[in-house]
Amino acid sequence: MRLRRWQNACIDSSLKQYLNGQSHFLVLATPGSGKTLMASVLSNHLLKNDLVDLIFCFSPSSIVSMDFAECLQLRSNERFDGLIGSKGRAYTYQHLQYLDGAFWELFEKYRVFVIFDEIHHCAGSTVDNANSWGEHIILNIQNKARFTMALTGTPWRSDTAPIVFASYASPDGEISCDYVYGLHEAILDGVCRVPQIIAIDNNHISVIESNETVVFESFDDLLSNSQVAYQDVIENEDVIKHIITSASKKLDFIRLENSNAAGLIVASSIEQANRISTFVKKWLEEEAVVATYKENDPTAIIQRFRHSESKWIISVGMISEGTNIPRLQVCCYLSNIKTEMYFRQTLGRILRVTDTTNQEAILYMPAEPKLLEYAYRVRHDVPVEADVVKFETMQSLLVGDETISQNKTISLKGPSIDLSGNEIKLNDFNENIDSLFDEDFLSTSYDQVMNIFGRFKQETIGLGLGLGELK
């Protein structure tokens with residue numbers, strides 16, 4: 001496989017710094033740009049040129065670890081299963097707490113190269129301010145590995161803890177990276193697709209409370225000035241139905257050219273994921289794959305979906321970061337996580353350019369103010385003239401690329417809180433609501449830090465490490 005320009009440049013830069021005495025290299029590359037392949041080719045170079053003996057990779061999820069192991073094996077023609085004769089293994093960060101002294105002795109006996117995927121999940125400059133994963137890295141890997149490479153697509157945290165291995169260029173928390181490859185450059189190079197974000201809002205929402213009716217002008221107004229929570233919006237059947245139906249029509253249009261194009265629905269809970277699966281079967285008369293930690297072997301479910309021609313997969317946090325399913329082109333964002341890190345990582349799932357004819361990438365979401373803020377910042381990253389952020393009425397019909405409005409009244413009832421008999425009605429949609437969001441508000445510092453609120457607790461961990469056999 002031929003490397004992209006940025007991958008070659010990044011490898012050359014890292015090798016130069018390693019050979020000049022720097023043991024660590026931090027790479028910021030936009031989601032979907034090909035960090036796994038770049039790191040695997042670098043690993044092979046280090047092995048073949050007798051610069052390292054063993055290679056270990058740590059990543060946030062089991063499916064990403066599996067991808068790394070496969071890519072490392074393919075590029076080097078070596079085994080990475082942790083057994084006798086292999087050149088290393090790929091692990092999840094969760095494994096760090098289970099690795100014993102026999103494993104850590106390998107760093108004393110051999111020259112070890114360690115790859116850290118999505119390093120922003122590992123916090124700490126010292127043991128005192130580190131999280132669990134960061135503490136293991138500081139104690140057992142930092143200053144002991146021959147070389148290390150940290151990869152990230154979104155190098156932010158919402159707490160004040162620094163990221164492991166990171167150095168900071170300014171007091172406001174700006175990270176100093178050794179190599180940067182952003183969405184702007186990736187689109188210009190044809191590496192990533194130009195995203196389109198469809199937001200749904202309403203300029204006339206009536207909340208009927210006993211005999212009194214209160215009118216709200218937008219979802220922002222509703223969420224700020226009523227008892228209705230965002231969770232109630234994303235769990236409402238009318239909202240779900242509109243977003244999924246509209247996305248399905250778009251996906252059908254794309255599949256006229258790309259027959260195996262697929263859609264991702266990001267749910268807020270397992271209960272919601274199962275409910276959406278029922279909705280898809282009822283409304284669209286189609287089956288949707290469900291991948292949550294409660295399924296039997298969710299990693300195998302995702303792998304099968306990756307290589308199938310199934311249209312829809314529904315997930316709760318398991319296909320948001322690093323998971324490579326290039327045929328995904330449509331996403332429905334119904335998660336209750338409202339951080340820029342999670343939003344960007346989810347958007348990245350549909351941005352990978354393929355060799356198919358149609359290269360559209362469309363994300364559907366409610367017009368929640370924080371999500372709109374992130375969407376407008378994505379728009380500012382796009383280097384070409386494009387309508388990245390668009391608005392759509394909840395009762396629109398999508399025919400090809402044309403949207404036809406049907407301003408019907410919609411009832412919205414919040415299922416997660418007691419509204420004491422309140423009934424909420426939405427009608428009279430207005431697609432042009434850019435004026436609701438002040439440009440200064442939408443352009444606030446891009447460098448504010450974020451977190452993902454423990455999404456990795458949802459994944460079960462299969463052990464059976466086979467560590468001692470590497471000695």
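**Reading a predicted model**

A: Let us start with a loop residue. In this predicted model, Thr30 is placed in the loop that runs between β1 (24–29) and α2 (35–48).

Q: Is Thr30 buried or exposed?

A: The test is whether the relative accessible area falls under 20%. Thr30 has a relative accessibility of 9%, and therefore counts as buried.

Q: Which residues are in contact with Thr30, apart from its neighbours within four places in sequence?

A: Such a list shows what surrounds a residue in the fold. For Thr30 the partners are Lys35, Tyr181, Gly182, Leu183, Ala186 and Cys192.

Q: How many residues apart in sequence are Pro195 and Leu351, and what is the C-alpha to C-alpha distance?

A: Sequence separation and spatial distance should be read side by side. Pro195 and Leu351 are 156 residues apart in sequence, with 6.9 Å between their C-alpha atoms. Leu351 is also one of the contacts of Pro195 beyond four places in sequence; the others are Ile187, Leu347, Ala361, Val378, Val382 and Val388.

Q: What share of the contacts in the protein joins residues 24 or more positions apart?

A: Here the pair gives way to the whole protein. Of the contacts with a separation of 6 or more, 75% are between residues 24 or more positions apart. The protein contains 15 helices and 21 strands, and 56% of its 471 residues count as buried.

Q: Which residues have the most contacts inside the largest nonpolar core?

A: A core is read through its members and their partners. The largest one has 113 residues, and Phe113, Met149, Phe343 and Met365 have the most contacts inside it. A second, separate core has 27 residues, among them Tyr93, Leu96, Leu106 and Phe165. Returning to Phe343, its contacts beyond four places in sequence include Ile197, Tyr333, Leu363, Met365 and Val378.

Q: What is the average pLDDT of the protein?

A: Confidence is read as an average and then by stretch. The average is 82, and 80% of the residues score at least 70. Over residues 396–422 the pLDDT is below 50, although this stretch has 78 contacts in the model beyond near neighbours in sequence. Residues 427–469 also have a pLDDT below 50, with 112 such contacts. Where pLDDT is low, predicted coordinates should not be read in detail.

Definitions and conventions. Residues numbered from 1 in each chain as written. Predicted model: local features only at pLDDT ≥ 70, side-chain atom pairs only at ≥ 80, totals over all residues. Heavy atoms only, no water. Contact = heavy atoms within 4.5 Å. Helix = DSSP H or I, 4+ residues; strand = E, 2+ residues; numbered from the N terminus. Buried < 20%, exposed > 50% of the residue type's maximum accessible area, 1.4 Å probe, protein only. Core = buried A, V, L, I, M, F, W, Y, C linked by side-chain atoms within 4.5 Å. pLDDT = per-residue confidence, 0-100.
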